[in-house]
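In this notebook I record what I looked up in one structure. The entries follow the order in which I consulted each part.

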Amino acid sequence: MGADRVFAYGATAGLLGDLLLGDPRRGHPVAVFGRAAGAVERVLWRDHRGWGALHTALCAGGAVALGAVAARAVRPSPVATVLLTGAATWAVVGGTSLAREARAVGRALEAGDVEAARARLPHLCGRDPQALDADGIARAVVESVAENTSDAVVGALVWGAVAGVPGLVGFRAVNTLDAMVGHRSPRYRRYGWASARLDDVAGWPGARLTAALAAVAGGDPRGAVRAWRADAAKHPSPNAGPVEASFAGALGVRLGGTLSYGGRVEHRPVLNPTGRAVRVSDIERAVRLSRRVSWLALATCATAGLLRDPRTTSRDTGTTPGTTRPAPGSRPTAAGTRRAALGGRRTLLTLRRTKGRTS
């Protein structure tokens with residue numbers, strides 16, 4: 001079984017596992033990684049970019065290495081490899097938790113309990129909930145659902161399709177480090193610089209795929225593309241900008257504007273300024289759009305992998321990898337026959353070695 005088929009089967013199982021089971025209340029692998037990264041930070045912290053880069057390299061590199069070792073250990077068994085890929089996908093994606101928290105805030109707002117909504121909002125984002133009214137909370141939830149669709153689901157699937165289990169766990173490690181130390185506080189302005197920049201690089205392809213799929217799956221594809229092109233670059237984040245702008249256009253709402261993080265007020269540009277203000281009912285619409293985007297991302301990544309699988313291509317063309325069809329009406333020469341025989345033997349040896357590695 002090829003690596004691309006392994007990812008397609010395993011990622012589908014993992015996304016279904018997240019849909020049915022959600023995240024565990026205790027002992028979540030991402031939480032375990034966070035505690036380990038915190039322990040490393042306590043040893044290494046200096047107000048210096050170099051020490052922060054070392055922290056990022058040790059934590060993210062360690063996660064990738066662990067994923068690579070696990071993948072290598074199960075490689076002889078296709079079933080075990082699919083199971084490992086499924087478990088890794090379930091561990092790193094968080095679409096169900098994202099939807100659950102967003103809906104909890106939405107239910108509180110629908111019941112008119114703004115204080116309960118404020119108490120729940122920190123589960124989704126780091127904004128100061130006391131500075132927000134009901135409409136501001138609803139807008140914050142929609143923006144968080146949009147951004148985390150990329151960070152918590154699509155980005156992981158993209159890197160899983162590229163690099164398998166190491167890609168899945170590596171992306172989640174980088175994203176977690178950015179959440180822990182990548183913000184611009186006095187403590188992390190220098191120390192967290194490397195984590196923030198690495199997260200920008202790792203999140204770039206997933207953010208663009210999320211924005212594109214939101215345009216496809218949303219109610220207003222033209223509006224989503226228009227908002228993405230016009231407003232994404234105005235956002236301070238190179239990855240949140242395209243995603244939030246596309247979601248805003250797809251949902252027909254305005255996002256962005258003034259917000260507060262830990263007492264620090266930011267005046268961000270408005271995304272999709274021709275849209276209407278966010279309403280509480282838009283939270284459910286954003287969650288449903290996030291779900292559609294997540295499954296479309298899985299289909300896109302799995303299909304892209306299968307299309308680049310050389311064995312799939314060879315079956316479609318009726319040729320064996322490394323061989324060519326003779327031209328119609330041509331007669332093989334003796335030298336050509338000998339070359340074809342040697343090529344056939346090499347191909348047979350290659351296929352046997354490949355079968356030994358993947359079965």
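**Entry on Ala-215.** I began with Ala-215, which I located in helix H8; helices (H or I, at least four residues) and strands (E, at least two) are DSSP runs, numbered from the N terminus. I noted that Ala-215 is buried, because its relative accessible area is 6%; buried means under 20% relative accessible area, exposed over 50%, and partly exposed in between, with a 1.4 Å probe and protein chains only. Leaving aside neighbours within four places in sequence, I found Ala-215 in contact with Pro-221, Ala-224, Val-225 and Ser-246, where contact means heavy atoms within 4.5 Å. I also looked up the pair Ala-215 and Ser-246: they are 31 residues apart in sequence, and their C-alpha atoms are 6.3 Å apart in space.

**Entry on the model.** I reminded myself that this is a predicted model, in which local features need pLDDT of at least 70, side-chain atom pairs count only at pLDDT 80 or more, and totals for chains, interfaces and linings use all residues. Residues are numbered from 1 along each chain as its sequence is written, and side-chain values use heavy atoms, with hydrogens and water left out.

**Entry on the whole chain.** I recorded 13 helices and two strands in the chain. Of its 359 residues, 46% count as buried. Among contacts between residues at least 6 apart in sequence, 70% join residues at least 24 apart.

**Entry on H8 and H11.** How do the axes of helix H8 and helix H11 cross? I found that the axes of H8 (residues 193-217) and H11 (residues 281-307) come within 9 Å and cross at roughly 115°. Axes are lines fitted to C-alpha atoms, for helices over the stretch in contact, and angles run from 0 to 180 degrees between N-to-C directions. On the side of H8, the contact is made by Leu-209, Thr-210, Leu-213, Ala-214 and Ala-217. On the side of H11, the residues include Leu-289, Arg-292, Val-293 and Leu-296. By class, I noted nine nonpolar, two polar and one charged residues in this contact; Ala, Val, Leu, Ile, Met, Phe, Trp, Tyr, Cys and Pro count as nonpolar, Asp, Glu, Lys and Arg as charged, and the others, Gly among them, as polar.

**Entry on Ser-290.** I then turned to Ser-290, also placed in helix H11. Ser-290 is buried, because its relative accessible area is 9%. Not counting residues up to four places away in sequence, I found that Ser-290 touches Leu-98, Val-145, Thr-149 and Phe-247.

**Entry on salt bridges.** How many salt bridges does the structure hold? I recorded twelve, a salt bridge being a side-chain nitrogen of Lys or Arg within 4 Å of a carboxyl oxygen of Asp or Glu.

I looked up Arg-103, which forms a salt bridge with Glu-284, the closest N and O atoms being 2.9 Å apart. Arg-103 lies in helix H5 (residues 95-110) and Glu-284 in helix H11, so the pair ties together parts that are 181 residues apart in sequence. Arg-103 is partly exposed, at a relative accessible area of 30%, and Glu-284 is partly exposed too, at 27%.

Next I examined Glu-143 and Arg-127, whose side chains meet in a salt bridge (2.3 Å, N to O). This pair links distant parts of the chain, with Glu-143 in helix H7 (residues 134-181) and Arg-127 in the loop between helix H6 (114-120) and H7, 16 residues apart. I noted that both Glu-143 and Arg-127 are buried.

A further salt bridge joins the side chains of Arg-285 and Asp-282 (2.8 Å, N to O). Because they are three residues apart in helix H11, about one helical turn separates Arg-285 from Asp-282. Arg-285 counts as partly exposed, at 33% relative accessibility, whereas Asp-282 is buried, at 0%. I also recorded that salt bridges that share partners join Arg-103, Glu-284 and Arg-288 into one network.

**Entry on Glu-244.** I placed Glu-244 in helix H10 (residues 240-251).

**Entry on Asn-272.** Asn-272 is buried, with a relative accessible area of 6%.
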